[in-house]
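Subject: Structure handover

Hello,

Here is the structure I promised to pass on. Please open it first, then read the notes below it.

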Amino acid sequence: MRTAYSVETVRAAERTLMARLPDGALMQRAAAGLAAACAQLLGRVYGSRVVLLVGSGDNGGDALWAGARLARRGAAVTAVLLAPGRAHPGGLAALRRAGGVTVPAADGVPLVERADLVLDGIVGIGGTGGLRAEAVPLAEAAHRSRAAVVAVDLPSGVDADTGQVRGAAVRADLTVTFGTHKPALFVDPAREHAGSVRLVDIGLELPAGPFLEALQHADVARLLPVPAAESDKYRRGVVGIAAGSARYPGAAVLAVSGALRGGAGAVRYVGPAADAVIARYPETLVSDQGPKKAGRVQAWVVGPGAGDDARTVAQVLALDVPVLVDADGLRLAPARDVRRRTAPTLMTPHAGEAAALLGVGRDEVEGARLDAVRELAGRYRATVLLKGSTTLVAGPDGGPVRANATGTPWLATAGSGDVLSGLAGSLLAAGLPALDAASAGAYVHGLAGRFAARHAPAGAHDIADAIPRAWRDVREAGVG
Ligand SMILES: NC(=O)C1=CN([C@@H]2O[C@H](COP(=O)(O)OP(=O)(O)OC[C@H]3O[C@@H](n4cnc5c(N)ncnc54)[C@H](OP(=O)(O)O)[C@@H]3O)[C@@H](O)[C@H]2O)[C@@H](O)CC1
Ligand SMILES: Nc1ncnc2c1ncn2[C@@H]1O[C@H](COP(=O)(O)OP(=O)(O)O)[C@@H](O)[C@H]1O
Ligand SMILES: [K+]
């Protein structure tokens, strides 16, 4: 599991550690890791042109100390000072001792354009808002130059705690972050600015409850259900799918396709698309009764392609088993009915649906996903999985939000959300708590998308077909 902590927690851990260490020791640890990552990226340090973008705080200090290390190994290092009177004094002296030079910001752009490596030490966890005006031309030059851009701790201009980008921000190829990941490194739009991310351990001791978690293969492998010797289809769990309409029968077929690969022992379908479902998946148990009388079901999925069928949504919400509400179902599920439920509810909106539920614009949700997912989980007292370029899952009781790391833009294809709802619903039926069902479902779904679209675009049914391969990949890597 990878974890991220808020700036407040990082600051507290930093204070505790600094009280035990000699002055400057933490910055030296950070700079050593940073310089090593830069050297690796450059391949040959000797003779390379390195430009440091240096702001007024310790983030600039890290860049200056790392620059000094690279200068000692033969790089030509120039520091572009954004606040010349306030640059980190110790770092500045070290760079000069090592043969590095400094220039004012106004002279920086041509140097950045000719650099092999640009180190972004403009601002780190002390930043607020986007880049200031004087830094913008430098960030733009770095982006268009052929230089590798390495962000120190965070790409400057992103909000460390929320992943918001309010204005211009540096676009890095690599971010070297210190002590712990910051939430912004997992959450778009900031994540997209970070490039690949490397964590340098500087000895921070962090509390048990992180702000954000990102599951990895081993975590998901432990969550995925495996039938025991004594299992039968009912013990493995039966998932009910109430989806599809005369207009959208495909949504039912796709939800069933995900559910059949999600670990439940049987999939039961109710709704107007039974013929289409049976034609494609003859193993489905179809019922012409409503959800109440459909027979044994351990978890329901309601909503994909459901049109305006509010009655079915209300019936499913009234059942005392876990329920996943997706797509049209989200619009048709009154908040008070969801809040009143005692069994778990999992809601799976994309940004547009989340925006409609919150009464804000879609851009607002996409710009501040963490806020949106937590707000929805609180309002509905439900687990919420917010889909999109970063998929986030928040539980109703606060606690760490989970960010999914396996997604790919190839998943943005019609019907792929229906597959996810079936898959996650199946995991609910198999007995996983809602937070785990949602995050393991998103993880396997993302991986399946990657497999399905490896060399060519894939349709939603291809993603469903790739679920067993993704599942196997997780299990084999995770538990041997
Ligand atoms: N935590 C740890 O354990 C360790 C932390 N370490 C490092 O310290 C970094 C944090 O350093 P920090 O606290 O000095 O803040 P930092 O990010 O340099 O920025 C503050 C300055 O920036 C300015 N400023 C603000 N917003 C801005 C903007 N949008 N655009 C431009 N400028 C802006 C603001 O100035 P002012 O508003 O006064 O003009 C303020 O002076 C951290 O990210 C990591 O790299 C490591 O050395 C080792 C261990
Ligand atoms: N840019 C993206 N990067 C990664 N995943 C994405 C992106 N856009 C959409 N997705 C994923 O694709 C799926 C689309 O679901 P949804 O929006 O419900 O589509 P549909 O309603 O057509 O099924 C979700 O799993 C979502 O997280
Ligand atoms: K930075």
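First, the ground rules. This is a predicted model: local features need pLDDT of at least 70, side-chain atom pairs count only at pLDDT 80 or more, and totals for chains, interfaces and linings use all residues. Residues are numbered from 1 along each chain as its sequence is written, while chains are lettered from A and ligands numbered from 1 in the order in which they are written.

**The sheet**

Helices (H or I, at least four residues) and strands (E, at least two) are DSSP runs, numbered from the N terminus. Two strands pair if DSSP finds at least two bridges between them.

Contact here means that the C-beta atoms of two residues, placed from the backbone, lie within 7 Å.

Now look at strand 15 (residues 345–348). It runs parallel to strand 14, and four bridges join the two. Strand 15 also pairs in the parallel sense with strand 16 (residues 383–386), over two bridges. L346 stands opposite L324. In strand 16, the bridge partner of L346 is T383.

Both faces of strand 15 are covered. T345 and M347 are buried on one side, L346 and T348 on the other. A residue is buried if 20 or more other C-beta atoms lie within 10 Å of its own, exposed if 12 or fewer, and partly exposed in between; C-beta atoms are placed from the backbone.

**The two ligands**

Ligand 1 is surrounded by 29 residues. The closest are G57, D58, N59, G124 and G126. A residue counts as near a molecule if its C-beta atom, placed from the backbone, lies within 6 Å of it. Helix 1 (7–18), helix 2 (25–42) and helix 3 (58–72) each supply at least two residues of this shell. Helix 3 gives the most, with four.

By class, the shell around ligand 1 has 13 nonpolar, eleven polar and five charged residues. Ala, Val, Leu, Ile, Met, Phe, Trp, Tyr, Cys and Pro count as nonpolar, Asp, Glu, Lys and Arg as charged, and the others, Gly among them, as polar.

Ligand 2 has 18 residues around it. H350, K387, L411, A412 and G417 are the closest. Helix 18 (residues 416–429) gives the most to this shell, with four residues. The shell around ligand 2 divides into six nonpolar, ten polar and two charged residues.

**Annotated positions**

An unreviewed UniProt entry lists N59, D120 and S156 under "binding site". UniProt positions are given in the numbering used here, feature names are shortened, and annotations may be inferred rather than shown by experiment. The three are spread over 98 residues of sequence but cluster in space, with a largest C-alpha distance of 9.5 Å.

N59 lies in helix 3. N59 is buried, with 26 other C-beta atoms within 10 Å. Beyond residues up to four places away in sequence, N59 touches G121, V123, G124, G126, V152 and D153.

S156 sits in the loop between strand 6 and strand 7. S156 is buried too, with 29 other C-beta atoms within 10 Å. Leaving aside neighbours within four places in sequence, the contacts of S156 include D120, I122 and V123.

**Backbone details**

D153 has a positive phi of about 70° although it is not a glycine. D153 is in the loop between strand 6 (148–152) and strand 7. A327 also has a positive phi, about 50°, and is not a glycine. A327 lies in the loop between strand 14 (323–326) and helix 13 (328–332).

Last, a cis peptide bond joins D188 and P189, with omega about 5°. P189 is in the loop between strand 7 (174–178) and helix 7 (190–194).

Best wishes
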